[in-house]
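The following report describes selected features of one protein structure. Please consult the sequence and the model alongside the text.

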Amino acid sequence: MEVLKEKVEEEEAAEREEAAERAERGEKTKRPTEVRREATTMTQEMLRDLERKLSEIEVSVPEKLLTFTKDTIDTSKLPLSYQSNTLKEEHLLQVADNFSCQYSHLCPDRVPLFLHPLNECEVPKFVSTTIRPTLMPYPELYNWDTCAQFVSDFLSMVPLPDPLKPTVKEEEKAPPKKYAIKPPRDLTSRFEQEQEVKRQEAIKAEEENRRKQEEARLLEQENAKTDPLHGLRVHSWVLVLSGKREVPESFFIDAFTAHSYSTQDDHFLGIESLWNHKNYWVNMQDCWNCCKELVFDLGDPVRWEYLLLGTDKPFLSLTEEEEEGMNDDDDVEKLGKEDEDKSFDMPPSWVEQIEISPEAFETRCPNGKKVIQYKRAKLEKWAPYLNNNGLVCRLTTYEDLECTKTLEVKEWYQNREDMLELKHINKITGLNVDYFKPGHPQALRMHSYKSMQPEMDRVMEFYETARVDGLIKREETPKMMTEYYQGRPDFLSYRHVNFGPRMKKLALNSAESNPRPMVKITERFFRNPAKPADEDVAERVFLIAEERIQLRYHCRSDHITANKREFLRRMEVDSKGNKIIMTPDMCISFEVEPMEHTKKLLYQYEAMMKLKNEEKLSRHQAWESELEVLEILKLREEEEEAHTLTISIYDTKRNEKSKEYREAMERVLHEEHLRQVEAQLDYLAPFLAQLPPGEKLTRWQAVRLKDECLNDFKQRLIDKANLIQARFEKETQELQKKQQWYQENQVTLTPEDEDLYLSYCSQAMFRIRILEQRLSRHKELAPLKYLALEEKLYKDPRLVELLKVFV
C-alpha cells in the first residue's frame, strides 16, 4: 500500500503540472478533486494490477555523447587483415605484452608504452605493422620536404580528449536496476531557477566586460604564462636518421606542419620510443637535457632496448680501435656451437597497398580545401584549379584572439595567365602588393598600390632582362615619377620627373589628351669608360619652367671635385625676329682643369643645341612612361576580371583545345576505319548468292558475274548523278519562284521581308553551288571508279583464272 500511495501522489503532482501548463496556454481544465470524483472506485485487485504494470515500465537513459567522433566506416567491406589477426600477429601481441610487463616492472615511473592500439575494426594491431613502405610514381614524394608537405596537406588534426593519453577507454557503467530507490522529488521553485539564470547571465556579462578591459594586460602576460602540461604531452614525430641517402645528420619532421627541426631543438623534451616497419626501440637514456645529449645509435642495447631480435637490427657503431681489439678466437669457438634461433621477424603489414590516384594527389587536402586555425591567424588551402581565380592558399592574420579584426591577408595563386603569384593586402594601411612570376606581358615583377586609379601613389618593379629599355623600378605620386634603369646603351640609371598643376580638370585616361605639365626632369648616368671623366655627364637637370639646364660630370679618380655647367636657354629669335647669337653669359661653367676648346662659344653653342634635343627626347620618354602606366593599370583591371588560368597540354581533362584535337583525331580514325571496312566489302557477294551453293564457277558464269557487277555499279553511278541533278534542278526552280515572287511584291515588302528574302537567296545559292560541285566531281570520278572496279574484278582470286583469256 505504501507503493500505491506514492503512485497516487505522483499522479496528483503530474495533474497539477499539466493543469498549470494548460492554464498558461489558456485552456480550461478540471480541478483534481473533480477528476477524482468522476473516477470510479478502485478495488484491491485493480491496485495490484496497476502496481504490476508500473513496475514493468523501463526508463531509457540517453547515451553520453562522445567527445571524440570518428568517421563512419563500413567495416564489412574492409579486408580480412583489418578484422582479425594471424597467428604470427597474435604471437607478436603476446611478445609485446610480455615486453610491456617487464618494462613497467623495471621503469615504474615512466608512462606505459604505446604498443598495440585498436584499428578501425577494434582489433589490436602492433604499431610497426601499421607501416607499409610504398614507392609512389610521383617525383615530388622522393624528397623528404615535398613528401612531408603532401602528408601535412592530406592530414587533418583532431585533438584527443585527453592530451596525455593516445587511447581513452570509456568506463563501463553498471546497468540500472529494475527495482531501485527513487530519488526524492524535485521541489525547486521555477521562479528561483529563472532568477538564478538571470543572475548567471549578469555575471557572464560582467566577466565579458572585465575580460575586454584586461585584454591588453593579458596579451602582455601570454608569453610569461607557464604551461601546466609542459613535459607531459605525448606527440608523434618522424625521425630521419643520418647515414643513408646523403643525410648528413639526424633531424625531426612534424607530420602536421611539414617543418623540420634539429635534434638539438628545445621543443623536444624527450623520447619514449621509436619504431619502424621492422622493429620497436625504447629509449633508455636520460633526457635531463632534452634530446640534445641523445645518441641515435639504435644498435646500442644499453641506450636503446629493442623488442625483436631480428637479423636486420642496426649494428652497434664501433670505432676502428674497438674493431681491431675484438678477439677473433671467440668467434671461432662459437662456430662449432649450435644455438637455438630465438629471433622473431616482424609480421607483414596488415594495411592495404597505398594507392594515390593522380586526381587525389593533385587534390591533396580533404575535399580539396583545408582550414587551419592558429593563434590570431587562419590558414586556408585549396587544390589547384578548384578556385576559378587560381587561389591555392590564403593566410589571414588578426589583431585579437577572437579573430574579428583583420590585420593583413596574403593570397598565393597558381596557374594564372597573368603570372600573378602572391597578393599581399594590408587592411590597416590599405596597401596592396602584387607579386608576379616571369612572363607577364609588361614584365611586371611587383606592383604596390592603394588604388587602381591613375596618378596615385604606386610602385612598380620589372624584370629588366625582359624589357628593351632596361627599366627596373618606377615610383609614382600625383606630383612626381621616378624611374630606375640598368644595362642601357646610353648608361641612363635614374630619371626623376616633377609635375606641375593641371590647367584642366583630371579625367580618366587623360594622360594622352591632357598630360601633366613637366616642371623639372633629373637624369643620372653610370660611368661611360669610353669618355674622359670630366666630359662624361653624371647628372643633368632640365629646369623646364626656368629654361635652364644644369650638368654635373663624373669626378676623376685623382680629383675631389667634378666639373659643372649651367646653360641659360633663351629664344632663338628676339621680338623683332632677329637671330640671337650665343653669348658668354648663357653658359656658366666650373672646371677643375679648364681646357681651350671648352671655353669657345662654338663648343658651348653645340652643347646647348644638343641638350635641347635631349630635353625633348626626355620629355617624350616621360610622357610615354605615363601612357605605359595607364596601359598597365587597364591591363591589370582586365586580368583581375578575367583571371584566366593556364592549362598544360598534357592535362587532357581540363585542356579544351587538347580535348577537341583528340576528339577530331578519333573522328578521323573512325572515318578511316569505316572507309577500310567499306573497301573490304565483298562486291561479288550479292551475285554469288544467286548461284547454287557449292557449285564450281564456269568461265561463262564468271563473265556473266563480271558483267552484272559492272552494270549494277554503272547503274548506281547513273542513279547518283540523276539524284544530284534532280536536287540541283529543284533548288534552282525554287529560287526562280522566289525571285519571281520578289519581283511581283517588291513594292509592298517590309524591311523584315527584305532581309528574309536576301537570307533565303544566300542560302539557296550556297546549296546550288554545293550541288553543282558535287555533280561535277561525280562526273569526273565516276569513270575512274568504274575502271577501278573492273580492275579489281579481273584480279579477284575467284575470277582471275577464268577471266585470263579476256585480259
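Lys-370 stands opposite Lys-381, a residue of strand 8. This placement belongs to a model that is predicted, in which local features need pLDDT of at least 70 and side-chain atom pairs count only at pLDDT 80 or more, while totals for chains, interfaces and linings use all residues. Residues are numbered from 1 along each chain as its sequence is written, and side-chain values use heavy atoms, with hydrogens and water left out.

Strand 7 (residues 369–374) pairs with strand 8 in the antiparallel sense over six bridges; two strands pair if DSSP finds at least two bridges between them. Helices (H or I, at least four residues) and strands (E, at least two) are DSSP runs, numbered from the N terminus. Two residues separate strand 7 from strand 8 in a hairpin, and Arg-376 in the turn has a positive phi of about 60°. On strand 9 (residues 391–398), Cys-393 stands opposite Lys-381. Strand 8 and strand 9 run antiparallel and are joined by five bridges. Of the six residues in strand 8 (residues 377–382), five are buried. Buried means under 20% relative accessible area, exposed over 50%, and partly exposed in between (1.4 Å probe, protein chains only).

## Salt bridges

Side chains of opposite charge can pair when their charged atoms come close. A search of the whole structure finds 50 salt bridges, each defined as a side-chain nitrogen of Lys or Arg within 4 Å of a carboxyl oxygen of Asp or Glu. One of them links Glu-476 to Arg-516, with the closest N and O atoms 3.2 Å apart. Because Glu-476 lies in strand 15 (residues 471–476) and Arg-516 in the loop between strand 17 (492–499) and strand 18 (518–525), the pair ties together parts that are 40 residues apart in sequence. Glu-476 and Arg-516 are both buried.

Glu-639 and Arg-636 form a salt bridge through their side chains at 2.6 Å, N to O. These residues are three apart in helix 13 (residues 601–642), so about one helical turn separates them. Both Glu-639 and Arg-636 are buried. Salt bridges that share partners also join Arg-467, Asp-469, Arg-474, Glu-483, Arg-495, Glu-523, Arg-540, Glu-614 and Glu-628 into one network. In a further salt bridge, the side chains of Arg-556 and Asp-558 meet at 3.3 Å, N to O. Arg-556 is partly exposed, with a relative accessible area of 26%, whereas Asp-558, at 52%, is exposed.

## Helices 16 and 17

A patch of positive charge on the surface gathers Lys-720, Arg-727, Arg-774, Arg-777 and Lys-785. The elements giving two or more residues to this patch are helix 16 (699–745) and helix 17 (751–795). Helix 17 supplies the largest share, three residues. Patches are made of residues with over 30% relative accessible area and no salt bridge; like charges are joined within 9 Å, and nonpolar side chains (Val, Leu, Ile, Met, Phe, Trp, Tyr) within 5 Å. Lys and Arg count as positive, and the place of a charge is taken as NZ of Lys or CZ of Arg.

Arg-774 lies in helix 17 and counts as partly exposed, because its relative accessibility is 41%. Cys-709 lies in helix 16 and counts as buried, at 4% relative accessibility. Between Cys-709 and Tyr-683 there are 7.7 Å in space, C-alpha to C-alpha, although they are 26 residues apart in sequence.

Key
Areas by Shrake-Rupley, 256 points an atom, 1.4 Å probe, with all protein chains shown as cover.
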